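Please look over the sequence and the structure below before reading on. The paragraphs that follow go from the whole chain to its ligands and then to a single residue.

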Amino acid sequence: MVRYAVDCIRNIVLAGHGAVGKTTLADRMLYRAGQNTRPGCPDDGTSLLDTDEDEKERKHSVTSHLAHFDHNGCHVNVLDAPGYPDFIGHTISGLDAVETAVIVISATSGIEVNTRKAFQLAEESGKARMIVINKCDGENIDLPSLLGYLHEMFGTHCALMNAPNGVGSRFTAVISALEPPTSVPEELPVDLAHAHQELVDAAVEADEALMEKYLSGSPLEPDELARAMVHAIADGALIPIFFMSAKKDIGVQEFMDALVAYAPSPVPLPLKVKQNGEDTVIEPRPDGPVVARVFKTRIDPFVSRMSFARLYSGTLKKDASLKNERSGKMLKAHQMLDVQGATHEAVSEAGPGELVVIVKADDLRTGDLLTSGIDGLATRPFTFPIPMIALAVEPRSQSDQQKISGALHKIEDEDPTFTVSREAQTHEMVMHGMSELHLQLVQNRLHNREKVDVIVHPPKVPYHETVMGVAEGSYRHKKQSGGAGQFAEVHLRISPCPQGVNPEEFFTQERFPSLRRYHYDAAHNFCFIDRVTGGSVPNQFIPAVEKGVRERLEKGVLAGCQVQDVVVELFFGKDHPVDSNENAFKTAARMCFRDVFLKAKPALLEPIVHLDITIPQSKLGDITSDLNSRRGRMEGMDAAPGGMTVVKAHAPLAEVMTYARNLSSLTGGQGSFTMEFSHYEAAPAHEQQKVMAGAKVAEEEA
Ligand SMILES: Nc1nc2c(ncn2[C@@H]2O[C@H](COP(=O)(O)OP(=O)(O)OP(=O)(O)O)[C@@H](O)[C@H]2O)c(=O)[nH]1
Ligand SMILES: [Mg+2]
């Protein structure tokens, strides 16, 4: 016997732009449902949801929080998502766990960037949508234009469930449009009869039989209409709009009642998956196989790893074995929790439709699908935006060197739009976030929770060094200081190694006379060729020569960057029967490489990235001229939905390291972009000068 009958469960995510009152609404509902002795409020740190230190400090949600309440016989799970665009990942994964997206809009600020984004995500994920117009008690509200805009966006799908009796200080109640009172208050800012008509039209449109009855003029029974509304909302044919002041507690009760009455339970919206490559649905049956998905990860300082899972089917019992479809590993749900904001209670089982936390399952990541009693399931992975702001990070104190990587990976696990990696070429630890503020919050979290303080700076651009010409030369390393002396002489020739070379065809006797051996390294597109004749460099010292060359290859010559695309031929040398040793040859090789490299027309190669930039069509001119000023090259353009354009371009990485900031200011936050490595190109002379001037290449003395 599961705790909650599936058709009595309502799962919702509160989504939308920042500061519209989502958390205030969640707190107000929890209070009204008896889950708190006073209404919590994010402004004074008493919210049951915004409980993290950074949230209390900033008075904004920075992660999603889960809470629940019972109302009119239903169990409602509420996920309160942060509205700040940097944390949109929590809305994306949160939507997966619920049936209904409640998009909260502020009546005073209207449709904002993240309002649109949340609508779009909810629509794409096939979720039911409800709109709350909050802050109706605020000043300077232009209700007709806000409603006009909503109609423009959603056409006949959206319809008013109620109307405010006035706005600003006159807003004291909402009047039902579903069951309009016989006498409508004067000065109502909307036409209630018209609103009622729109609501009924949208509801019956999805139900043919009811539509016929309605068109024939027969009155609809309230029950019939209610059932039609539930279906229409689940199908996305009706998007009901509610007016509210969460802060003044006006319209909250009506919204809660409607949520229970009209928002879909898990029954009409079963999980769509692939089973062995075929489309199928997972019905929310308590006796079905266990199918669950992790929609959030939290590394709690007390509880440790908490994997928030939505159960789609089956009954998950404590200690049950589950298969993680991503890793193929089995795990046990040793401990399960019911979470209410920052507090939790142990539970021994959960049924379909429930949201529970599985504790200390270290293998679990956000997005993982868990199953038992069913095979071959796969779901669409979450598609989170790729974070584009990069900062190199190192601990302020050397003693935190060990701690920092673990601490950053914990945050990476929790935050779907934050990544951290160690860059192979620059040896830097680089973190990526959605904005500078996002990375600032990560630093706060490192300080507050992990007790690690860090230094950040722009990451190094992984330039490469190469040669454009051919040169040869020699170096004699000779030291006679006291005891045993050192002697080695090395003659090298350096030339360009063509990209995409086929070593077997290229490194031949014809091209490289007296070739004895070659070592080709594909990663650096580098080849070391031994062309020594007559034992001028004894065989036992040749590996030391190669080692010396490779050391300098890593360190670079011009600007401390890795050398790429060169062929180094060792063709002559001299030794001394007593003073020659491996170290002497290594040193001679390093020095010789540097000297010859500088004679062979050295050049700096810069990484070029490919950009896909999505912008409103109207901003095209600004974006193109900005790209030109960054040495970018336009490659093409595609039209995208919603009056957007996708610009495809190439640009040097060095010029677009801070592109996110620029794009945001050029497009008022409406632009987005992705960037990926394309290829290396020789940097223009003035750029080379700049990089070389800035680089501190440790000059080596023999
Ligand atoms: N006047 C007025 N202010 C409100 C109302 N609801 C919330 N606020 C205030 O708006 C501010 C933001 O409220 P939150 O509930 O934190 O907003 P949020 O949507 O959760 O914001 P994020 O967490 O940043 O996404 C707070 O100062 C609230 O007191 C309302 O109905 N009327
Ligand atoms: Mg909030």
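Among contacts in the protein chain between residues at least 6 apart in sequence, what percentage join residues at least 24 apart? The share is 70%. The model behind this value is a predicted one. Its protein chain has 702 residues, and 54% of them count as buried. The secondary structure of the chain is made up of 17 helices and 37 strands. The C-alpha trace spans about 110 × 60 × 50 Å along its principal axes.

Next comes ligand 1. There are 19 residues around ligand 1, and those that come nearest are T24, D43, H60, S61 and G83. By class, 9 residues of this shell are polar, 5 are nonpolar and 5 are charged. Helix α1, which covers residues 22-32, gives the largest share of the shell, with 3 residues.

G83 takes part through its backbone, where a polar atom is 2.7 Å from an oxygen atom of ligand 1. K135 uses its side chain, with a polar atom 3.1 Å from an oxygen atom of the ligand. Taken alone, ligand 1 exposes 650 Å², and the protein buries 89% of that area.

Ligand 2 is a magnesium ion, coordinated at 2.0 Å by OG1 of T23 and OG of S61. These two residues link distant parts of the chain, since they are 38 residues apart. T23 belongs to helix α1, while S61 sits in the loop between α2 (53-58) and β2 (65-71). Helix α1 is also the element with the largest share of the shell around ligand 1, and S61 is one of the residues that come nearest to that ligand. Both T23 and S61 are buried.

The last stop is S307, a residue of strand β13, which runs over residues 304-313. Is S307 buried or exposed? S307 counts as buried because its relative accessibility is 0%, and the cut-off for buried is under 20%. Leaving aside residues up to four places away in sequence, S307 touches V294, K296, V356, V357, I358, A361 and L364.

Key:
Residues are numbered from 1 along each chain as its sequence is written. Chains are lettered from A and ligands numbered from 1 in the order in which they are written. This is a predicted model: local features need pLDDT of at least 70, side-chain atom pairs count only at pLDDT 80 or more; totals for chains, interfaces and linings use all residues. Side-chain values use heavy atoms; hydrogens and water are left out. Helices (H or I, at least four residues) and strands (E, at least two) are DSSP runs, numbered from the N terminus. Buried means under 20% relative accessible area, exposed over 50%, partly exposed in between (1.4 Å probe, protein chains only). Contact means heavy atoms within 4.5 Å. A residue is near a molecule or strand if one of its heavy atoms lies within 4 Å of it. A polar contact is a pair of N or O atoms within 3.5 Å; within protein, one must be able to donate a hydrogen and the other to accept it, and residues adjacent in sequence count only if both atoms are side-chain atoms. Accessible areas come from the Shrake-Rupley method with a 1.4 Å probe; for residues, only the protein chains shown count as cover. Ala, Val, Leu, Ile, Met, Phe, Trp, Tyr, Cys and Pro count as nonpolar, Asp, Glu, Lys and Arg as charged, and the others, Gly among them, as polar. Donors are N, O and S atoms within 2.8 Å of the metal (3.2 Å for Na, K and Ca); water is not among the atoms, so sites may look incomplete.
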